[in-house]
Amino acid sequence: MKEKISAEKIACTAIVKAIEMLRKENVQITSMDIRDYHFHELEIHTEKIDQSLIENLLSIENLQQNEDGVIFCSCHWSTIRF
């Protein structure tokens, strides 16, 4: 029987740090899906978050924001949508 791979097991360091920060701030992660297993690309959806938390997330190396409501990692193109 094949083991189901969790999204967190394939996440890059930037996304792991972001998930930890979101959980520390008690932000509800509404979904976390593997968009592309080969490239370790994830799509994460959360409840709305405030601007100060967005700024803290963007201080994590390789996380960027190029549109409202979406942060992405430049290493694997994983996204966090809020």
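E4 and E5 pair in the antiparallel sense, with 3 bridges between them. That pairing belongs to an open sheet of 5 strands, ordered E1-E2-E5-E4-E3, in which the pairing is mixed. Keep in mind that this is a predicted model. Below, we go through the sheet, its hairpins, the helices and a few single residues.

**The sheet as a whole**

- Which strands stand at the edges of the sheet? E1 and E3 do, and each has a single partner strand, so one side of each is left without a neighbour in the sheet.
- On average, neighbouring strands of this sheet are turned by 20° against each other, with direction ignored.
- As a bit of background, strands of a sheet pair through backbone hydrogen bonds, and they can do so in a parallel or an antiparallel way.

**Who pairs with whom**

- E1 (29-36) and E2 (41-46) run antiparallel and are joined by 6 bridges. Here Ser 31 sits opposite His 45 in E2.
- E2 and E5 (residues 79-81) run parallel, joined by 3 bridges. Glu 43 faces Thr 79 in E5.
- On the other side of E5, going by the strand order, comes E4, and Val 70 stands opposite Arg 81 in E5.
- E3 and E4 are antiparallel, with 3 bridges joining them. Glu 67 has Val 70 in E4 as its bridge partner.

- His 40 is not a glycine, and at 31% relative accessibility it counts as partly exposed.
- In the hairpin of E3 and E4, with 2 residues between the strands, Gly 69 has a positive phi near 80°.
- How many residues lie between E4 and E5 in their hairpin? There are 5, and Trp 77 in the turn has a positive phi of about 65°.
- Asn 62 also has a positive phi, about 80°, although it is not a glycine. You'll find Asn 62 in the loop between helix H3 (51-58) and strand E3 (63-67). Asn 62 is partly exposed, at a relative accessible area of 34%.

**Which way E4 points its side chains**

- In a regular strand the side chains alternate between the two faces of the sheet.
- In E4, Val 70 and Phe 72 point one way, while Ile 71 and Cys 73 point the other way.
- Are these four E4 residues buried or exposed? All are buried.

**Helices against each other and on the sheet**

- Helix H2 (residues 13-24) and H3 have axes that come within 10 Å and cross at roughly 155°. That makes the two helices roughly antiparallel.
- The H2 and H3 crossing is right-handed.
- H2 brings Ala 18, Met 21 and Leu 22 to the contact, and H3 brings Leu 53, Asn 56 and Leu 57. Sorted by class, this contact has 5 nonpolar residues, 1 polar residue and no charged ones.
- H3 also packs on the sheet, where it touches E3 and strand E4 (70-73). The direction of H3 makes about 125° with that of E3.

- Val 16 sits in helix H2 and is partly exposed, with a relative accessible area of 29%.
- Asp 50 is in the loop between E2 and H3, and at 47% relative accessibility it counts as partly exposed.
- Asp 50 and Glu 61 are 11 residues apart in sequence, and their C-alpha atoms are 20 Å apart in space.

Methods. Residues are numbered from 1 along each chain as its sequence is written. This is a predicted model: local features need pLDDT of at least 70, side-chain atom pairs count only at pLDDT 80 or more; totals for chains, interfaces and linings use all residues. Side-chain values use heavy atoms; hydrogens and water are left out. Buried means under 20% relative accessible area, exposed over 50%, partly exposed in between (1.4 Å probe, protein chains only). Axes are lines fitted to C-alpha atoms, for helices over the stretch in contact, and angles run from 0 to 180 degrees between N-to-C directions. Angles under 35 degrees count as roughly parallel, over 145 as roughly antiparallel, 65 to 115 as roughly perpendicular and the rest as oblique. A crossing is left-handed if the near helix is turned anticlockwise from the far one by less than a right angle, and right-handed if clockwise. Contact means heavy atoms within 4.5 Å. Ala, Val, Leu, Ile, Met, Phe, Trp, Tyr, Cys and Pro count as nonpolar, Asp, Glu, Lys and Arg as charged, and the others, Gly among them, as polar. Two strands pair if DSSP finds at least two bridges between them.
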